[in-house]
Amino acid sequence: YRLMIKSVDGLRALAISFVVLSHAGLHLEGKIGVELFFVISGFLITKSLQTEFILFGRVNKSIPILIQ
C-alpha cells in the first residue's frame, strides 16, 4: 500500500517556498518552512503507522527502524 494525501502537497509546496525565498534574500523566516515541513512529516509518519496497524493488525516493519 502507498499513502498519498493530495491536500498535503500544497502545504509541502508552501513550506519549500518559505525556505527557498528566505535563502534568496527576502526577509522571510525560513525556519517557519522547516517547522512546517517537520509537522507534515510527523503527520504522514503517524498516518502511515496508523494505516499499517489497521490493515495488518500490527506495526512490524517500522518499529525496528524507530528503536535503533
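The following paragraphs lead through a predicted model of a protein chain, from its overall make-up to individual residues.

Residues are numbered from 1 along each chain as its sequence is written. Because this is a predicted model, local features need a pLDDT of at least 70, side-chain atom pairs count only at pLDDT 80 or more, totals for chains, interfaces and linings use all residues, and side-chain values use heavy atoms, with hydrogens and water left out.

The protein chain contains three helices and zero strands, where helices (H or I, at least four residues) and strands (E, at least two) are DSSP runs numbered from the N terminus. Read from the N terminus on, the order of its elements is α-α-α. Of the 68 residues in the protein chain, 10% are buried, a term that means under 20% relative accessible area, with exposed meaning over 50% and partly exposed in between (1.4 Å probe, protein chains only). Among contacts (heavy atoms within 4.5 Å) with a separation of 6 or more, 47% are accounted for by residues 24 or more positions apart.

Confidence, expressed as pLDDT (the predictor's confidence in each residue, from 0 to 100), has a mean of 79 over the protein chain, with 81% of residues reaching 70 or more. It is highest in H1, at 87, and lowest in helix H3 (residues 63-67), at a mean of 58. Where pLDDT is low, the predicted coordinates should not be read in detail.

Helix H1 covers residues 7-23, and its 17 residues reach 26 Å from the first C-alpha to the last, close to the 24 Å expected at 1.5 Å a residue; the expected span is 1.5 Å times one less than the number of residues. Just after H1, Gly-25 takes a positive phi of about 105 degrees. Leu-26, in the loop between H1 and helix H2 (30-56), is partly exposed at a relative accessible area of 48%. Together with Leu-21 and Leu-28, Leu-26 forms a nonpolar surface patch with about 240 Å² of accessible area. Patches are made of residues with over 30% relative accessible area and no salt bridge, like charges being joined within 9 Å and nonpolar side chains (Val, Leu, Ile, Met, Phe, Trp, Tyr) within 5 Å.

The end C-alpha atoms of H2 are 39 Å apart, which agrees with the 39 Å that its 27 residues should span at 1.5 Å a residue. Gly-30, Gly-33, Ile-40 and Glu-52 are the buried residues of H2, and the buried residues of this helix pack against H1. After H2 comes Gly-57, whose phi is also positive, near 80 degrees.

Ala-13 lies in H1 and counts as partly exposed at 41% relative accessibility; its C-alpha is separated by 9.4 Å from that of Gly-33, 20 residues apart along the chain. Not counting residues up to four places away in sequence, Arg-12 touches Phe-37, Ile-40 and Leu-44.

Which residue forms a salt bridge with Arg-12? The partner is Asp-9, and the closest N and O atoms are 3.5 Å apart, where a salt bridge is a side-chain nitrogen of Lys or Arg within 4 Å of a carboxyl oxygen of Asp or Glu. The count by this rule comes to one salt bridge. Because Arg-12 and Asp-9 are three residues apart in helix H1, about one helical turn separates them. An α-helix has 3.6 residues a turn, so residues three or four places apart point the same way. Both partners are partly exposed, Arg-12 with a relative accessible area of 31% and Asp-9 with one of 34%.

Methods: Accessible areas come from the Shrake-Rupley method with a 1.4 Å probe; for residues, only the protein chains shown count as cover.
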